[in-house]
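Colleague: I'd like to learn how to read a model like this one. Can you walk me through it?

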Amino acid sequence: KKIFIPTPLDERIELPKDVTHHVLHVFRHNMEKPITVTGSDNRCGIYQITDEVDGIAQAKLIEYVASDVSSYRTILVQSLLKGEKLEWVLQKATELNVDTIYLVSTANCVAKYDDKKLQSKVSRWEKIMLEAAQQCGRNQLPTLVVGETLSQVLAIEADALKLVAYENEDGHTIKSALQSVHTNQTITDILICVGPEGGYQEKEINAIIESGGKSVSLGNTILRAETAAIGSLAMIQYELEL
Ligand code: SAM
């Protein structure tokens, strides 16, 4: 079982009450079996639970292990989608080992969140990602970033190979766009932008291309935004042999 705790790892750790409950009482983890824990310092260790005191599991380090981070960093820049669709993308993208997810508001977004609503949603979204990571056996959580604009994200991730999924593209595919990655060892970060239900406006596509990005087709059919997000991440993984 893989577990995340919000504090750095040490020789002895305590699992927070909700995590203890989840591990020992929901999953009925056998206390004699070791657990894999990742701390807020991103270290990863194998621990033996020794006791449960007032609903808090006490655990002792067996050994530190390497975390399962890949040599490439994959970044999803997803335009905000309505309710469940966005939650589905966060869950599935976590399963597909995405490293960072930026949620951005673009011109045709139907989902409108003001800053206050956005912040109140973040803890729910982080919980969905945490549960997905625990369920699929990941030992690192993706980083979720909200509140940046598309152009700010492009500037923050200036060194990444930038792709934008665009249904009107009829040349490049993810396969052709990633060809350079195999010969250029300086590229480690792959970023894919996926538009909202109503798609991107042409000026947004142009802005991504002007920042050095490439538009890519995901095939001849127009996919729903959530299918495009998960499909493109799976294609990137396949091409990078992750
Ligand atoms: N503009 C369209 C519209 O409103 O009819 C479609 C938008 S599509 C539902 C949502 C997003 O999925 C797009 O912005 C794009 O990023 C991505 N997408 C969907 N189908 C695609 C395809 N065949 N190739 C590349 N991207 C696609």
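**Domains and ligand**

Modeller: Let's start with the layout: the protein chain is assigned domain 1 (2-65) and domain 2 (73-240), with bounds from an automatic or database domain assignment. Keep in mind that this is a predicted model, where local features need pLDDT of at least 70, side-chain atom pairs count only at pLDDT 80 or more, and totals for chains, interfaces and linings use all residues. Residues are numbered from 1 along each chain as its sequence is written, and side-chain values use heavy atoms, with hydrogens and water left out.

Colleague: What is the area buried between domain 1 and domain 2?

Modeller: The size of an interface is often given as the accessible area lost when the parts come together. Here that buried area (1.4 Å probe, summed over both parts) is about 740 Å², and carbon and sulfur atoms give 54% of it. On the domain 1 side, Lys-2, Phe-4 and His-22 supply 70% of the area buried against domain 2, more than any other three residues.

Colleague: How many salt bridges does the rule find across the interface of domain 1 and domain 2?

Modeller: A salt bridge is a side-chain nitrogen of Lys or Arg within 4 Å of a carboxyl oxygen of Asp or Glu. Between domain 1 and domain 2 the rule finds zero.

Colleague: Which residues are closest to the ligand?

Modeller: A residue counts as near if one of its heavy atoms lies within 4 Å. The ligand has 19 residues around it, the closest being Ala-165, Glu-167, Leu-218, Thr-221 and Leu-223.

Colleague: What lies 2.9 Å from a nitrogen atom of the ligand?

Modeller: A polar backbone atom of Leu-223. For Gly-219, a polar backbone atom is 3.1 Å from a ligand nitrogen.

Technical notes
Polar contact = N/O pair within 3.5 Å; in protein donor to acceptor, adjacent residues only side chain to side chain. Buried area = accessible area lost by both parts, 1.4 Å probe.
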